[in-house]
Amino acid sequence: MKTLITFVIITLAIAMPLAAHYGFKVSGKKIRTVLGINMFSFFGLLAVMTVVMWTGNVSVFAAGSEAAASNDGLRYIAAALSTGLACIGSGIAVSSAASAALGAISEDPKIMGKSLIFVALAEGIALYGLLISFMIIG
């Protein structure tokens, strides 16, 4: 039953902003409506998933000790945050570096190697976050 509820909520959280985006002409005050529906569905999903997570009947003592179970959860949260935030930062860096590299290559094709190095350095941030998450889990 919980998996069905979770599936429905995730599907609605994805479908509602898409329906709002394609249902309205996105300009002016309509963008606020689309953004409001998107934020409402995201934070609604977050709240419902938090409630579903806390209403389970899993005991902490079944896993051994209370400290070991809480440390495992925090370790996975830390690994997810390190990977996720590193990927977000890498995406921001790649977007600006790649657009600048394309503009520079269009003017002078000889600097393609130098510009690709900057884009690769920006992509390396995501790999560093992934390595840190492996170190946290391991």
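**Exercise 1.** How many helices and how many strands are there in the protein?

Solution. The model is predicted: local features need pLDDT of at least 70 and side-chain atom pairs count only at pLDDT 80 or more, while totals for chains, interfaces and linings use all residues. Residues are numbered from 1 along each chain as its sequence is written, and side-chain values use heavy atoms, with hydrogens and water left out. Helices are DSSP runs of H or I with at least four residues, and strands are runs of E with at least two, numbered from the N terminus. The count is four helices and zero strands. From the N terminus, the order is α-α-α-α.

**Exercise 2.** Locate Thr83 and list its contacts beyond neighbours within four places in sequence.

Solution. Start with the element: Thr83 sits in helix α3, which covers residues 66–107. Contact means heavy atoms within 4.5 Å. With those neighbours set aside, Thr83 contacts Gly129, Leu130 and Ser133. As for Phe134, 51 residues from Thr83 along the chain, the two C-alpha atoms are 9.3 Å apart.

**Exercise 3.** Is Ile92 buried or exposed?

Solution. Ile92 belongs to helix α3. Buried means under 20% relative accessible area, exposed over 50%, and partly exposed in between, with a 1.4 Å probe and protein chains only. Ile92 counts as exposed because its relative accessibility is 55%.
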